[in-house]
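Me: I am new to this structure and would like to know what the terms used for it rest on. Please set each value against its definition.

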Amino acid sequence: MDRLLIALDTTLRTLWAAPRAGEASPAESIPDAPLAPADRQQSVALMRVNHVGEVCAQALYTGQAAVTRDESLRLQLLEAAREETDHLAWTQERIRTLGGRESLLNPLWFAGAFGLGVLAASISDKVSLGFVAETEDQVAAHLDSHLQRLPAQDTRSRTIVARMKSDEERHAAWARRAGAVELPPPARWLMRAAAKVMTSTAHHI
């Protein structure tokens, strides 16, 4: 019952409450440079995609924590979710500062990632950690591509994305140290395909 309540609370807070970061945004002290309309639109779209990624991270970790029987792992997953809350808050704040909005399909993204987390953890903790490692690897690569696409003068967004990339790489390394198994190629391919659909859609909706 406790795990169910925690999962429900996380769902409500992720989708319908303003996230509260435990750490100030790394871009807090950086002046906000003026952006041309096209550059502003590009930054909003990319940061919206990044925000969706953080919604999915909350869902994935929460689903895994709800199912695992390893109490130590459960606490580590919840701690990782807490760290991802910072990313959620930073990206939301940046989107709104730029005059944009979050994805209208966030409930759909959350539900899909939560189900994946539950499924992975139901198979085994090592498989669950394998999903964490592969997901974080893909997210880090995705963030790296955004650093190439964000307007050069949008230093605030670029600083946030660079910090997120570093954190995601750290989470992937933690999962491997904790015993993650490497997922088979078909699973990795399906994850990339699903991520492509998600990011392409969130870029606009």
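**Terms and values**

Me: Why is Leu35 called buried?
Reply: Leu35 has a relative accessible area of 12%. Buried means under 20% relative accessible area, exposed means over 50%, and partly exposed lies in between (1.4 Å probe, protein chains only). Therefore Leu35 counts as buried. This is a predicted model, in which local features need pLDDT of at least 70 and side-chain atom pairs count only at pLDDT 80 or more, while totals for chains, interfaces and linings use all residues. Residues are numbered from 1 along each chain as its sequence is written, and side-chain values use heavy atoms, with hydrogens and water left out.

Me: Where is Leu35, and which residues does Leu35 touch?
Reply: Leu35 sits in the loop between helix 1 and helix 2 (37-67). Helices (H or I, at least four residues) and strands (E, at least two) are DSSP runs, numbered from the N terminus. Not counting residues up to four places away in sequence, Leu35 touches Arg40, Ser43, Leu98, Gln153 and Asp154; contact means heavy atoms within 4.5 Å.

Me: Why does Gly179 count as partly exposed?
Reply: The relative accessibility of Gly179 is 24%, so Gly179 counts as partly exposed. Gly179 belongs to the loop between helix 6 and helix 7 (185-202). Leaving aside neighbours within four places in sequence, Gly179 is in contact with Lys126 and Leu129.

Me: What makes up the secondary structure of the chain?
Reply: The chain has seven helices and zero strands. Along the sequence the pattern is α-α-α-α-α-α-α.

Me: How do you know that the chain is as compact as a globular protein of that length?
Reply: The radius of gyration is 16 Å, close to the 17 Å that the globule rule gives for 205 residues, so the chain is as compact as a globular protein of that length. The radius is taken over C-alpha atoms, and the rule is 2.2 Å times the number of residues to the power 0.38. Along its principal axes the C-alpha trace spans about 50 × 35 × 30 Å.

Me: How much of the chain counts as buried?
Reply: Of the 205 residues, 47% count as buried.

Me: Where is confidence lowest, and where is it highest?
Reply: Confidence is given as pLDDT, the predictor's confidence in each residue, from 0 to 100. Helix 1 (residues 2-16) is lowest, at a mean of 57, and helix 6 (residues 155-177) is highest, at 92. For the chain the mean is 85, and 91% of the residues reach 70 or more.
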